[in-house]
Amino acid sequence: MAREVCGHCRRPRRVCLCEFLPATPVLLRTPVLLLQHPHEARRRLQTAALLELCLDSHSLAVVRGRSLGCLIRSGAWAERVVGEARTPLLLFPRVGAIQPSELAPAGSAGAEYCLVVIDGTWKEVNEMLRKSSAELEGLACIDVAAACGLASRRGLYAARKPPQDGFFSTLEAVAYAVGVLESAEAAAAIVPTLLRPMVRMAQQQLELTVQHGFQVHRTLKSGYRPNMVDDVNRAAAALCIEKHVFCPPSAREILLSSSDMAHTT
């Protein structure tokens, strides 16, 4: 029997996220151009789909391809970057990336930006960047994690383990970038609005993982941080999400022992 799926968020009814989505799609001053790996588009647990549900159609355009050339040749690039005379900023913490504080404030004379984001697994993103060496030459990169004091923090997206601290899921990275590119007043409202559905989705993943003995996803298996449940619950409380993932003592013992094993192997 097929599972009943919500017609709006396209998730199974029992994990519907509609109550955590904004009532009206968010309009950004700095639009986002998202280059999505074709394989990522088919994955159920991907945060770009949530981003599409949160942002106004003028604020987000999704182009599928395997290199930045696909994005630069797209109609979305022609409209947002060329047509609106915006400076493209690639959201990626590579060596030499500029800090947002070095940019002229968005909206000031000659300072209109477009945020370029690459979406896929960490392996896919690295492959896409390798295929985009020519395009990267003339593209400025910004490092939001360092600017926001997040370089030593890990993301809250429970389904994938980041390669290192300061690396985040697509939705988290865009939310933090919006926080530094939009005005302070706008960012104070927009950032929590974007994070709410993703944090609730992370809670749902953890709930299923604990409920099914750590066999759902890889969140709490060996090598994953044992305080993930606490991190997500704290983020949910800060976002006024009245849900709480309960992790019983027996589960915490497994997490701690798995973490110890991961550090000794």
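Residues are numbered from 1 along each chain as its sequence is written, and because the model is predicted, local features need pLDDT of at least 70, side-chain atom pairs count only at pLDDT 80 or more, and totals for chains, interfaces and linings use all residues. Side-chain values use heavy atoms, with hydrogens and water left out.

Select helix H7 (residues 170-181) together with H8 (184-211), where helices are DSSP runs of H or I with at least four residues, strands are E runs of at least two, and both are numbered from the N terminus. The axes of H7 and H8 lie 9 Å apart at an angle of about 175°, the axes being lines fitted to C-alpha atoms over the stretch in contact and the angles running from 0 to 180 degrees between N-to-C directions. H7 is therefore roughly antiparallel to H8, a label for angles over 145 degrees.

Next show the side chains of Leu171, Glu172, Ala175, Tyr176, Val178 and Gly179 in H7, which meet Ala187, Ile190, Val191, Leu194, Leu195 and Met198 in H8; contact here means heavy atoms within 4.5 Å. By class, this contact has ten nonpolar, one polar and one charged residues, with Ala, Val, Leu, Ile, Met, Phe, Trp, Tyr, Cys and Pro counted as nonpolar, Asp, Glu, Lys and Arg as charged, and the others, Gly among them, as polar.

**The largest pocket**

A pocket is an open set of points on a 1 Å grid over the protein atoms alone, where a 1.4 Å probe fits, with protein on both sides within 12 Å along at least five of seven lines, and lining residues have an atom within 4 Å of a point. H8 gives the most to this lining, with four residues, and the lining as a whole divides into eleven nonpolar, four polar and six charged.

**The second largest pocket**

Now select Arg153, Leu156, Tyr176, Asp231 and Ala235, the residues nearest the centre of the second largest pocket, which is lined by twelve residues. Helix H9 (228-238) and H8 each give two or more residues to this lining, and the largest share, four residues, comes from H9.

**Ser67**

Finally, centre on Ser67, in the loop between strand S2 (60-64) and helix H2 (68-72). Ser67 counts as buried because its relative accessibility is 14%, under the 20% limit for a 1.4 Å probe and protein chains only. Leaving aside residues up to four places away in sequence, Ser67 touches Leu35, Met128, Lys131 and Ser132.

Conventions. Buried means under 20% relative accessible area, exposed over 50%, partly exposed in between (1.4 Å probe, protein chains only). Angles under 35 degrees count as roughly parallel, over 145 as roughly antiparallel, 65 to 115 as roughly perpendicular and the rest as oblique.
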